[in-house]
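Colleague: I've never looked at this one before. Could you walk me through a few spots in it?

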Amino acid sequence: MNILSKQHLCRLLSGAVAVLGLLTLASAQSNTKILIAHRGASAYAPEHTLAAYRLAIEQGADYVEQDLGVTRDGVLVCLHDDSLERTTNVREIFPGRFVEEQVNGRMRQRWRVRDLTLSEIKQLDAGSWFGAEFAGSQVPTWQEAIDLIRGSAGLFPELKSPGDYRSLGIDMPSLVIDLLRRNGLDTAGADTDTPVILQSFDETSLRRLASELPTLPRVFLIGNVSRQTVITNTRLQEMATFATGIGPAKEIVLAQPDLVERAHALGLTVMPYTFRSSATNSLDNLEKEMRHFLFTLGVDALFTNNPDRFPRQP
Ligand code: G3P
Ligand code: CA
């Protein structure tokens, strides 16, 4: 029997990792378009509740998105905002637990996720703000979301504000990596019914994920603030060193539609956000808008609050 040298083995392993990554990219860039339920089916149920995730699955989502925050006791929970007052009754339940922070030039009282423990957050009602029929819905932990979605759709977690957590000594990427490992979902193809794509606006976190979870696809989000900034090929090449795809605000793609082809040429997928019935959209009609992005501009996937209206065909 041949005994492989350590160096040879390393070369073989890194080759296998690269092939897996390419296969993932190739499938993401095929003609099959990918439906990502943005915060669940959030047009119809309170965002980031199990009800919204369940409905997204029923409406045929390929992936269900979770925005992630970290509680005071270090648990990953699903919530879009860094604070709880918009989508829960935290003001009523914990009236004194706010901090005063400047938001858009105005002082605001904010009940930050990182200041409350999981057991405190679990006392909150995360559904009533949306509709009385959702009263009693809780903020789910990421583990609860995984347990619900696993086997029925993919997971599309976003690391929200990891830089803020970093400055407090909380290592958000580590928490995400650990939970994926504990669930056996830390490599591409580990559970074909539950693929995982990671996303963040934070380059540092994506670089870390690239080094620790090299086979999982990683989408670099690009926000509206950069709408006027042309994304050059040089910058795209840099992104391709730590990400496998980009997730631009849809306005960025409209302003520079050649971005899709330029990103594809570098092997990057393109997954713009957010397509929703509640906002004026570029073509007066949500289906038309989504069809335009998917089949005319050629994006690979899109984030929508309305999974039931995602057009599978041109
Ligand atoms: O993650 C894609 C999109 O959701 C980014 O925007 O603010 O809805 O998390 P946001
Ligand atoms: Ca998000």
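Colleague: Is Glu158 buried or exposed?

Modeller: Glu158 has a relative accessible area of 4%, so it counts as buried. Buried means under 20% relative accessible area, exposed over 50%, and partly exposed in between, with a 1.4 Å probe and protein chains only. Keep in mind that this is a predicted model, where local features need pLDDT of at least 70, side-chain atom pairs count only at pLDDT 80 or more, and totals for chains, interfaces and linings use all residues. Residues are numbered from 1 along each chain as its sequence is written, chains are lettered from A and ligands numbered from 1 in the order in which they are written, and side-chain values use heavy atoms, with hydrogens and water left out.

Colleague: Which residues coordinate the calcium ion (ligand 2)?

Modeller: Glu158 (OE) does, along with Glu65 (OE) and Asp67 (OD), at 2.1 to 2.4 Å. Donors are N, O and S atoms within 2.8 Å of the metal (3.2 Å for Na, K and Ca), and water is not among the atoms, so sites may look incomplete. Along the chain the donors follow the spacing E-x1-D-x90-E. Asp67 in strand 2 (residues 63-70) and Glu158 in strand 6 (residues 154-159) link distant parts of the chain, 91 residues apart. Helices (H or I, at least four residues) and strands (E, at least two) are DSSP runs, numbered from the N terminus.

Colleague: And why is the arrangement around the calcium ion (ligand 2) irregular?

Modeller: Because the angles between its six donor atoms run from 60 to 156 degrees. Six donors count as octahedral if opposite donors are over 155 degrees apart and all others between 65 and 115.

Colleague: OK, charges next. How many salt bridges are there?

Modeller: The count comes to 23, where a salt bridge is a side-chain nitrogen of Lys or Arg within 4 Å of a carboxyl oxygen of Asp or Glu. Lys250 and Glu289 form one of them, with the closest N and O atoms 3.1 Å apart. That pair links distant parts of the chain, with Lys250 in helix 10 (residues 250-255) and Glu289 in helix 12, 39 residues apart. Both Lys250 and Glu289 are buried.

Colleague: Where do Glu238 and Arg235 sit?

Modeller: They are three residues apart in helix 9 (residues 233-239), so about one helical turn separates them.

Colleague: What about Lys33, which has no salt bridge?

Modeller: Lys33 is buried, and the nearest side chain of opposite charge, Asp300, is 5.4 Å away. For charge, Lys and Arg count as positive and Asp and Glu as negative, while His and the chain ends are not counted. The Lys33 side chain does reach the backbone oxygen of Leu294, at 3.0 Å. Lys33 is in the loop between helix 1 (6-28) and strand 1 (34-37).

Key. Polar contact = N/O pair within 3.5 Å; in protein donor to acceptor, adjacent residues only side chain to side chain. Tetrahedral: all angles 85-135°; square planar, octahedral: opposite > 155°, others 65-115°.
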